[in-house]
Amino acid sequence: MLIAHLSDLHVCARAPLSATNVHTEQAVESLMRLLPQPDVVVVTGDVGEGSPDDYALLARYLCPLPMPVYMVPGNHDDREAMRSALFGLRYMPASGPLNFVVETRPVRLIGLDSLIPGKVEGALDDETLDFLDNALAADTSVPTVILVHHTPFQCGIEEKDSIRLFEGAERLSGILSRHRQVERVLSGHHHRSLLGQFGNAICQIAPPVRYQEACSFEAGRPTHEAEMPGFLLHRWIDGAGLATQHCPLNIGMLTR
Ligand SMILES: [Fe+2]
Ligand SMILES: [Fe+2]
């Protein structure tokens with residue numbers, strides 16, 4: 001099973017020629033050129049900028065992809081705009097948090113909604129954590145990947161750590177320690193490719209499709225220099241687990 005992992009597209013209908021939109025089109029073209037084709041595409045949030053028009057434009061960009069696309073919301077998304085625009089994708093619940101389970105094999109996908117309207121940091125409320133606990137308990141034998149925009153792990157970059165998943169993180173840690181079939185927690189939000197650990201879980205953050213921010217551990221130092229955007233490819237290998245490749249987007253010139 002090959003999982004393409006995109007994040008932080010920030011598709012913006014108000015700025016049709018913005019880098020965010022151009023890079024999204026190029027990411028889709030890159031996925032179309034892959035051989036073999038990914039079995040699924042997952043998008044870990046900040047897919048738009050909150051306008052219904054963003055999600056309509058996103059749907060047009062994703063249209064050429066023959067494989068299913070599953071996405072969770074990020075802090076830049078509007079839950080109801082995303083739900084109504086993408087409800088045709090069926091996995092989106094009709095009400096409440098945008099949580100879902102997709103019974104793909106050999107790896108099962110669970111999407112979690114960590115969006116707090118008006119806030120940059122993330123939270124998992126009790127309804128979402130109950131959903132996760134029940135979904136994991138319903139099938140303990142299938143390797144599972146969790147999708148959630150905000151990561152719970154500390155990466156050591158002060159600016160990023162201040163906007164990670166806080167509320168619900170302690171209970172999440174307990175759930176992950178009881179359900180060892182979780183192979184990876186996939187996120188976005190930090191606009192850098194990062195790997196870390198939270199309790200027993202390996203947590204991975206995809207680079208953004210928008211542009212990657214340069215590395216800086218110093219608080220207050222601007223981190224908005226543009227680096228090459230990209231995406232991740234997670235390949236499931238029977239008997240071995242998930243192996244991940246970082247794929248830079250082959251854009252000719254970065255624009256902002
Ligand atoms: Fe973002
Ligand atoms: Fe974000």
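Donors here are N, O and S atoms within 2.8 Å of the metal; water is not among the atoms, so sites may look incomplete. The model is predicted.

**Stop 1: ligand 2.** Select the iron ion (ligand 2). Its protein donors are Asp46 (OD), Asn75 (OD1), His149 (NE2) and His189 (ND1), at 2.1 to 2.3 Å. Along the sequence, these donor residues are spaced D-x28-N-x73-H-x39-H. Asp46 sits in the loop between β2 (40–44) and α2 (52–62), and His149 in the loop between β7 (144–148) and α5 (158–161), so this pair ties together parts 103 residues apart in sequence. Colour by accessibility next. Asp46 is buried, at 2% relative accessible area. His149 is buried too, at 0%.

Now check the angles. The four donor atoms of the iron ion (ligand 2) span 88 to 161 degrees, an irregular site. Tetrahedral would require all angles to lie between 85 and 135 degrees.

**Stop 2: the bridge.** Which residue coordinates both iron ions? Select Asp46: it coordinates ligand 1 and ligand 2, and the two iron ions are 3.6 Å apart.

**Stop 3: ligand 1.** Move to the iron ion (ligand 1). Pick out Asp8 (OD), His10 (NE2), Asp46 (OD) and His191 (NE2), its protein donors, 2.0 to 2.2 Å away. The site of ligand 1 is irregular, with angles of 89 to 170 degrees among its four donor atoms. The spacing of its donors along the chain reads D-x1-H-x35-D-x144-H. His10, in the loop between β1 (2–6) and α1 (19–33), and Asp46, in the loop between β2 and α2, link distant parts of the chain, 36 residues apart. Both His10 and Asp46 are buried.

Terms used: Residues numbered from 1 in each chain as written. Chains lettered and ligands numbered in written order. Predicted model: local features only at pLDDT ≥ 70, side-chain atom pairs only at ≥ 80, totals over all residues. Heavy atoms only, no water. Donors = N, O, S within 2.8 Å, 3.2 Å for Na, K, Ca; no water. Tetrahedral: all angles 85-135°; square planar, octahedral: opposite > 155°, others 65-115°. Helix = DSSP H or I, 4+ residues; strand = E, 2+ residues; numbered from the N terminus. Buried < 20%, exposed > 50% of the residue type's maximum accessible area, 1.4 Å probe, protein only.
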